[in-house]
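Please keep the sequence and the model in view while reading.

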Amino acid sequence: MLKVCDVTKRYGKFTVLEHIDLEFTPGVYGLLAPNGAGKTTLMKLLTTLAFPTEGEIRYDGVEIRTMNAAYRELLGYLPQQMGYYPNQSPIQFLSYLAALKGMDRKLVPDRVEGLLELVGLLDVKRKKMRTFSGGMIQRVGIAQALLNDPKILILDEPTAGLDPSERVRFRNIIAGLSKDRIVILSTHIVSDVESVANRIVFLKDHQVALEAAPEEICLTMRGKVFEISLPDTELPRFEQSHRVLSIRQEHNWVHLRFTDGDIPAEAVPAEPTLEDAFLVFFR
Ligand SMILES: Nc1ncnc2c1ncn2[C@@H]1O[C@H](COP(=O)(O)OP(=O)(O)O)[C@@H](O)[C@H]1O
Ligand SMILES: [Mg+2]
């Protein structure tokens, strides 16, 4: 078990994270917060690329900074901005990283081939990465994070730059990986995690605002979300007295999801989504 114990992280006088307590067991965790909330900072602490100003992070009871190489062997990490050599092919890049990690040379070719198959890049395995789309680079990044079959997989904004079909593929890959493994992925896009994460962590005001299963979070909004259609001229007045969650325009009408305020007779109750909860939390 990976345990964050009362961790505070400051850069100079600036507090990024304050009194964070979290426990990670095998499963997929979605770290969800707007940009600048401290997601990358928390991930750097979990990877020992940075250290807490106060508090400790422990793996099976041992502080991770004292574990050194033994901890890094458990770890796979996709940084928010992954460096790579544009002139290398995925095979060259992954083999190079495998050598840096000290993997047994005899095992490397099969491992690299298997990972490229997993992320759907076998057909371009010898192509220079300079010709790749953002989504293809991201998939190379996921493959490199998996090289050592890590017990703890940390992916910082792994879906950035993926197109819709690549997002679906990504979700399927992650779902297949989470058995017996802690997977922590950060995003500011709700739909990237709601179907794949077992637990959602909301960061807000430097703290953990909420840590729960997606269904539990949706339950907190039960009976509070409604839909209504209005002539678009009535929208400004409606917005003053209600919290509008989404708007779809059709000709001179707007179809709204909303919460709060008095509920007009024409409003229809709606099934709350994680997106609704996210909007209420962060607005
Ligand atoms: N090395 C650093 N020195 C000073 N401030 C930093 C450093 N890293 C991050 N920050 C600040 O901490 C805050 C959180 O950043 P970050 O963890 O990157 O957030 P997120 O990943 O959620 O977008 C930001 O205000 C950022 O400017
Ligand atoms: Mg970040």
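## A question to begin with

Which residue in β5 is the bridge partner of Arg58? The partner is Glu63. Helices (H or I, at least four residues) and strands (E, at least two) are DSSP runs, numbered from the N terminus.

## Basis of the report

This is a predicted model, in which local features need pLDDT of at least 70 and side-chain atom pairs count only at pLDDT 80 or more, while totals for chains, interfaces and linings use all residues. Residues are numbered from 1 along each chain as its sequence is written, chains are lettered from A and ligands numbered from 1 in the order in which they are written, and side-chain values use heavy atoms, with hydrogens and water left out.

## The open sheet

Four strands, in the order β2-β1-β4-β5, make up an open sheet with antiparallel pairing. The edges are formed by β2 (14-24) and β5 (62-63); each has a single partner strand, so one side of each lacks a neighbour in the sheet. Two strands count as paired if DSSP finds at least two bridges between them. For β4 and β5, the antiparallel pairing runs over two bridges.

## Salt bridges

The structure contains 16 salt bridges, a salt bridge being a side-chain nitrogen of Lys or Arg within 4 Å of a carboxyl oxygen of Asp or Glu. In one of them, the side chains of Arg10 and Glu54 meet at 2.5 Å, N to O. This pair links distant parts of the chain, 44 residues apart: Arg10 belongs to strand β1 (residues 2-11) and Glu54 to strand β4 (residues 54-59). Arg10 is partly exposed, with a relative accessible area of 29%, and Glu54 is also partly exposed, at 35%. Here buried means under 20% relative accessible area, exposed over 50%, and partly exposed in between (1.4 Å probe, protein chains only).

Lys125 and Glu113 form another salt bridge, at 2.6 Å from N to O. Lys125 lies in the loop between α5 (108-118) and α6 (134-145) and Glu113 in helix α5, so the bridge ties together parts twelve residues apart in sequence. Lys125 counts as buried, at 18% relative accessibility, whereas Glu113 is partly exposed, at 29%. A network of salt bridges links Arg199, Glu211 and Glu216. Within this group, the closest N and O atoms of Glu216 and Arg199 are 3.3 Å apart.

Thr40 is partly exposed, with a relative accessible area of 22%, and so is Gln80, at 38%.

## The surroundings of ligand 1

The residues around ligand 1 include Tyr11, Phe14, Val16, Lys39, Thr40 and Thr41; a residue is near a molecule if one of its heavy atoms lies within 4 Å of it. Helix α1 gives the most to this shell, with three residues.

Backbone N or O atoms also approach oxygen atoms of ligand 1: the distance is 2.7 Å for Gly36 and 2.8 Å for Lys39.

How values were computed: Polar contact = N/O pair within 3.5 Å; in protein donor to acceptor, adjacent residues only side chain to side chain.
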